[in-house]
Amino acid sequence: MNRNELRRVDLNLLVVFEALMFERNVTRVAERLFLGQSAVSASLARLRDLFDDPILIRQGRGMEPTARALAIFQELRPALDAISGAVSRVKEFDPVSSREIFRIGLSDDAEFGLFPGLLRRMREDAPGIKVVVRRVNYLLLPSLLASGEISVGVSYTQDLPANAKRRKLRDIPCKVLRGDDRSGPLTLDDYCERPHAMVSFSGDLCGNIDLDLQRVGRTRNVMVAVPQFSSLRAVLPRTELIATVPDYAACALVEGTSLRAEDPPFPITAAELSMVWSGVHDNDPGERWLRNLMVEHMSRPLAEWVIGAV
């Protein structure tokens, strides 16, 4: 296809094609792109005609892309990234007048402990922007970045898409939260004997803390797993339950409550909280502004925070 023939191709079709390759479901693509299902179905019909291929075929209860569609997708994705990057680089960004929508992925601890202060700063500098937050963890972050559903994410991270960039924000030291009225810090024996609550995105009853306990020859008894940190405010007060959480989450949890936080009675290996973003948005002026704010706020030492009883 030469450049003149390329004029016949609607770029919107290619955006729908990319979404179909990720979602493999017309309804979810419609929700993701804020289109009607009939419009997505019509676009799929046009794509089938354009590429002379079924694109998606039904398998069982779902839809799967054809081998040709996957091959086309592999060639188109870098081109779409390049177009998006080129358009972003020519945009100007004025925080005061901007009406831009930012899509951020945050782990639950970062959302609970770090995001409120960041949002206040964003609203002060750019009162007209809109912010969409998606819940991520190290498993979800790569796919959400790759699909373009978020432009930047903050979490503990492992494998990332090839075009992703990463910056360490801070270590994640831990504090032990308790809501009882006993005096004195917890000993290691106390820590191991007391019932524990933990935050588990997947519903597990063990985590990295248990590996640190194994190194000192001990175990703990996790009695409760909740899906988000805010639940600990209701679960812990006036009980024997304790919870081991990131220090910045502890700051938010003790504020205005009867909870108190203290150092753990054994060494805990600090994980790293990282900011990860798509290379497509690396030079986007608005995204650079956002990332600079995230670094400035989310990298602040704990000593600079008003942390109540921590």
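Which order do the five strands of the open sheet have? I looked this up first, and found β4-β3-β5-β12-β6, with mixed pairing. I took helices (H or I, at least four residues) and strands (E, at least two) as DSSP runs numbered from the N terminus. Two strands pair if DSSP finds at least two bridges between them.

**Entry: the model.** I am working with a predicted model, in which local features need pLDDT of at least 70 and side-chain atom pairs count only at pLDDT 80 or more, while totals for chains, interfaces and linings use all residues. Residues are numbered from 1 along each chain as its sequence is written, and side-chain values use heavy atoms, with hydrogens and water left out.

Entry: I then followed β6 to β12 (residues 271-278): the two run antiparallel and are joined by eight bridges. One entry I noted is Lys 168, whose bridge partner in β12 is Ser 274.

Helix α13 (residues 285-298) packs on this sheet and touches β3 (101-106), β5 (152-155), β6 and β12. I counted a contact when heavy atoms lie within 4.5 Å. The direction of α13 makes about 40° with that of β3; axes are lines fitted to C-alpha atoms, for helices over the stretch in contact, and angles run from 0 to 180 degrees between N-to-C directions.

**Entry: the cores.** I looked for nonpolar cores, meaning sets of buried Ala, Val, Leu, Ile, Met, Phe, Trp, Tyr and Cys residues joined through side-chain atoms within 4.5 Å. Buried means under 20% relative accessible area, exposed over 50%, and partly exposed in between (1.4 Å probe, protein chains only). The largest core has 25 residues, and Val 154, Met 275, Trp 289, Leu 290, Met 294 and Met 298 touch the most other members. At least two residues each come from β3, α7 (115-125), β5, β6, β12 and α13. Helix α13 gives the most, with six residues.

I listed the contacts of Trp 289, leaving out residues up to four places away in sequence: Phe 93, Pro 95, Phe 102, Met 122, Asp 125, Ala 126 and Ile 129. Another core lies apart from the largest one; it has 21 residues, including Leu 14, Phe 17, Ile 55 and Phe 73.

**Entry: ring pairs.** Which rings pair with Trp 289? I paired rings of Phe, Tyr and Trp (its six-membered ring) if their centres lie within 6.5 Å; planes under 30 degrees apart count as stacked, over 60 as edge-to-face and the rest as tilted. That rule gives eight aromatic pairs. Phe 93 and Trp 289 have ring centres 5.2 Å apart and planes at 40°, so I noted the pair as tilted. Phe 93 is in the loop between α5 (67-89) and β3, and Trp 289 is in α13, so this pair ties together parts 196 residues apart in sequence. Phe 102 and Trp 289 also form a tilted pair, at 5.8 Å centre to centre and 40° between the planes. Phe 102 is buried at 0% relative accessible area, and Trp 289 is buried at 14%.

**Entry: salt bridges.** I searched the whole structure and got 21 salt bridges, each a side-chain nitrogen of Lys or Arg within 4 Å of a carboxyl oxygen of Asp or Glu. Asp 108 and Arg 135 meet in one of them (3.2 Å, N to O). Asp 108 lies in helix α6 (residues 108-113) and Arg 135 in β4, so parts 27 residues apart in sequence are tied together. Asp 108 is buried at 11% relative accessibility, whereas Arg 135 is partly exposed at 27%.

Arg 194 forms another with Glu 240, with the closest N and O atoms 3.3 Å apart. Arg 194 is buried at 5%, and Glu 240 is partly exposed at 33%. Both belong to a network of salt bridges with shared partners, which also joins Arg 178, Asp 180, Arg 182, Arg 260 and Glu 262.

Entry: Asp 52 is not a glycine but has a positive phi of about 50°. Asp 52 is exposed, at 68% relative accessibility.
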